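Colleague: Please take me through this model. I will ask as we go.

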Amino acid sequence: MSKNNNNNNNNKPEELNGTIVAAHGRHYLAEVGDAESHEFLQCVTRGKKTNVAVGDIVHLQRTSNNQAVIEKIAERSTLLYRSDQYKSKLLAANITRLFIVVATEPSFADDLVSRALVACEAAGVEAHLILNKIDVTEPLARARERAGLYASLGYPLHEVSARTDPDGTVATLTPLLAGQSSIFIGQSGMGKSSLINLLVPDADIAVREISEALDTGKHTTTFTRLYRLPAAEGEARGQIIDSPGFQEFGLYHLTEGMLERAFVEFKPFLGGCKYYNCRHLAEPQCAVLGAVADGKIAKIRHELYAQLLHESEQTLY
């Protein structure tokens with residue numbers, strides 16, 4: 001890549017556009033160039049801003065051979081993040097699909113799955129579930145039943161076994177990733193890393209290259225990172241963002257109105273309540289509560305809605 005070729009502007013900093021492919025604390029890694037010729041630049045923001053996410057398209061100013069300052073973030077099509085009572089944590093920008101990885105064992109948390117689905121609805125991101133380890137037969141029926149709740153709401157559910165049927169797993173998931181910007185999330189032990197390793201050729205090499213360029217150490221895996229996927233003939237190239245495993249998915253940033261619309265099964269009943277400002281908690285003649293009583297809305301989902309409503313009232317930031 002040429003640098004400052006104009007002799008009249010030798011002292012002018014080089015300006016570049018890149019994609020944020022890794023984030024670790026306040027340190028970011030941007031990829032500039034294309035599939036044939038690219039380089040990584042260590043990036044920082046001006047001041048103490050930390051509003052940069054993996055997947056962001058950024059405008060950079062090179063400050064040295066392998067370093068740059070982020071001058072501007074391009075407008076995002078989507079932004080997925082989680083939040084607690086005090087702060088927010090950006091997960092990924094410009095993603096089109098989120099894959100929640102669950103497994104037959106260890107048991108997965110319904111709370112985490114539902115929270116991720118709510119976050120997707122609020123952000124305008126398409127959500128899918130992957131049920132991994134279907135070769136473990138004893139808990140399979142129960143896992144299918146639990147995952148089936150979300151499938152019944154319209155979220156696609158894909159069953160795979162990364163360990164015993166790697167080829168079948170790749171065949172199932174690859175078409176879903178082509179041309180998409182996807183993020184994989186899941187609790188520890190669900191097999192998310194195994195899936196990434198199957199789907200991303202030389203994933204271990206990519207991790208090492210990214211972590212060395214980010215200067216976080218060869219074996220650091222606690223950062224969010226973006227992998228480019230090989231493009232099949234005639235198909236658009238996709239990318240996967242791998243997020244570290246986490247056990248909690250706070251949604252304190254969602255307002256009451258955003259929450260009721262983010263539960264897809266509520267939608268047929270919204271507007272049917274006696275009171276226009278119904279909160280669907282204990283009000284008389286509430287259409288949503290009536291649907292819960294009739295079994296049209298799962299009780300576990302309404303309980304989460306009530307919990308999220310409570311959390312949104314505790315926000316301090």
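Modeller: First, a convention: helices (H or I, at least four residues) and strands (E, at least two) are DSSP runs, numbered from the N terminus. This is a predicted model, in which local features need pLDDT of at least 70 and side-chain atom pairs count only at pLDDT 80 or more, while totals for chains, interfaces and linings use all residues. Residues are numbered from 1 along each chain as its sequence is written, and side-chain values use heavy atoms, with hydrogens and water left out.

Colleague: Which residue takes a positive phi just after α3?

Modeller: G179 does, with a phi of about 75 degrees.

Colleague: And in α3 itself, which residues are buried?

Modeller: T169, L173, L176 and L177 are buried, where buried means under 20% relative accessible area, exposed over 50% and partly exposed in between (1.4 Å probe, protein chains only). Seen down the axis of α3, the buried residues fall within an arc of 90 degrees, so they line one face of the helix; the arc is that of the directions from the helix axis to the C-beta atoms. D167, A171 and P175, on the other side of α3, are exposed.

Colleague: What do the buried residues of α3 pack against?

Modeller: Their partners, by contact (heavy atoms within 4.5 Å), include β11 (181–185), α4 (192–199) and β13 (239–242).

Colleague: How does β13 pair with β11?

Modeller: The two strands are parallel, with four bridges; pairing requires that DSSP finds at least two bridges between strands. S181 stands opposite Q239 of β13. Strand β12 (residues 224–228) runs antiparallel to β13, also over four bridges, and R225 has D242 as its bridge partner there.

Colleague: Are R146 and D110 buried or exposed?

Modeller: Both R146 and D110 are buried. By contrast, K87 is exposed, at 55% relative accessible area; K87 forms a salt bridge with D84, where the closest N and O atoms are 3.4 Å apart.

Colleague: Which residues form a network of salt bridges?

Modeller: E14, E39 and R62 are linked in one.

Notes. A salt bridge is a side-chain nitrogen of Lys or Arg within 4 Å of a carboxyl oxygen of Asp or Glu.
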